[in-house]
Amino acid sequence: MNQSPIASWKARVNLHHHQSLSSMEAEPLLDFWAESAKRFEADPYRTDDLVLNAVQEIIPESRSVLDVGGGTGRFAIPIALKARAVTVIDQSPAMLAGLERQIDRYKIPIITIVQGSFESISIPVMDVVFCAHVLYTIEHIEKFIKLLDLAGSHKIIVIMFERSPQSELADVWHVIHGEQRVTLPGAVEFLKILQSMGIKGVSVETVEVAPSYYQSFDEAFEMVCQKIFVNPDSWKGQKLQRNLSDYLEDYDGKYIVKNSISRKNLIMSWEMS
């Protein structure tokens, strides 16, 4: 018997989490983003970010915007340059510390910061709800989407990769942990969820972007260790160091994972009735 899109999503996320926990070689960090938050800080005046440019075209000016899982403000701060007010909610202290640095650096006074879980904190309704690269790990996806709808009075915007970000490391996971990786769902599965929930009028724009580069092999090794939950000093860490070069492309001393030569962002939006 085929599972519904919602049941399939929940089962896949649950299996992924269970596999991750059972494979960890050390206690998980209290803040998963503590070691990598700074990588997400960006110039709010950049003009070469194709995804940001597309988002700016969708969000009407002088609107209030809620950025769910907004992190260091990669999108929130540029949006705030045109919006009436922006609220960022995120659970990561490290991400929000980065946001505070960016707000201070660029003198953006209209951003309100809320630390906590979107599912458990009451926030005033905003015109636009924005959520970028957050939903992959959300087990109870139907509830989360309903909360997004309740939080926005005009428009909901969700950005996801066609395939979840860690999917590119599935082959590395298999080699190091000796089992097939259960990958998280992505935008393709999310669109099936929206359809099953009867959400109509969903607009989809696809923007293909280059992947993020690791500046050195050592940085690639460090970050991949973190992503596949390997202690660099363990025998699995040593095995990864010996084999990682087989899964990387070298671009003039910078590295990307071979399966991530390009990434498709799906910008999905719908208006509230």
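These legends walk you through several views of one predicted model.

**How to read the views.** Residues are numbered from 1 along each chain as its sequence is written. Because this is a predicted model, local features need pLDDT of at least 70 and side-chain atom pairs count only at pLDDT 80 or more, while totals for chains, interfaces and linings use all residues; side-chain values use heavy atoms, with hydrogens and water left out.

**View 1. The whole chain, to get your bearings.** Welcome to a chain with 9 helices and 9 strands; these are DSSP runs, numbered from the N terminus, with helices being H or I of at least four residues and strands being E of at least two. Its radius of gyration is 19 Å, close to the 19 Å that the globule rule gives for 273 residues, so the chain is as compact as a globular protein of that length. Here the radius is taken over C-alpha atoms, and the rule is 2.2 Å times the number of residues to the power 0.38. Along the principal axes, the C-alpha atoms fill a box of roughly 55 × 55 × 30 Å. Of the 273 residues, 47% count as buried; buried means under 20% relative accessible area, exposed means over 50%, and partly exposed lies in between (1.4 Å probe, protein chains only). Take the contacts between residues at least 6 apart in sequence: 76% of them join residues at least 24 apart, where contact means heavy atoms within 4.5 Å.

View 2. Helix α7 spans residues 187-196, and Ala187, Phe190, Ile193 and Leu194 are buried in it. These four cover an arc of only 105° around the axis, which puts them on the same side of α7; the arc is that of the directions from the helix axis to the C-beta atoms. An α-helix has 3.6 residues a turn, so residues three or four places apart point the same way. After α7 comes Gly198, with a positive phi near 75°.

**View 3. Helix α9, with a buried side and an exposed side.** In α9 (residues 235-243), look for Lys236, Gly237 and Leu240, which are buried. Their arc around the axis is only 100°, which puts them on the same side of α9. Trp235 and Arg242 are on the other side of α9, where they are exposed. The cover over the buried residues of α9 includes α6 (170-177) and α8 (217-227).

**View 4. Glu219 in helix α8.** Stay with α8 for a moment to find Glu219. Glu219 has 21% relative accessibility and counts as partly exposed. Not counting residues up to four places away in sequence, Glu219 touches Arg39, Tyr213 and Tyr214. Glu219 and Tyr255 are 36 residues apart along the chain, and their C-alpha atoms are separated by 9.1 Å.

**View 5. Lys155, a buried lysine in strand β5.** Strand β5 is where you will find Lys155, a residue that is buried with a relative accessible area of 9%. Setting aside residues up to four places away in sequence, Lys155 touches Ile58, Asp127, Val128, Val129, Trp270, Glu271 and Met272.

**View 6. Glu41, a buried residue in a loop.** Glu41 sits in the loop between α1 and α2 (50-58). With a relative accessible area of 19%, Glu41 is buried. Leaving aside neighbours within four places in sequence, Glu41 is in contact with Thr72, Gly98, Arg101 and Gln102. Between Glu41 and Ser262 there are 21 Å in space, C-alpha to C-alpha, and the two are 221 residues apart in sequence.

View 7. Lys107 belongs to the loop between α4 (93-106) and β3. Though not a glycine, Lys107 has a positive phi of about 55°, and at 62% relative accessibility Lys107 counts as exposed. Next, visit Asp252 in the loop between β7 (248-251) and β8 (254-257). Asp252 also is a residue other than glycine with a positive phi, near 55°, and Asp252 is exposed, with a relative accessible area of 83%. Ser120 counts as exposed at 58% relative accessibility.
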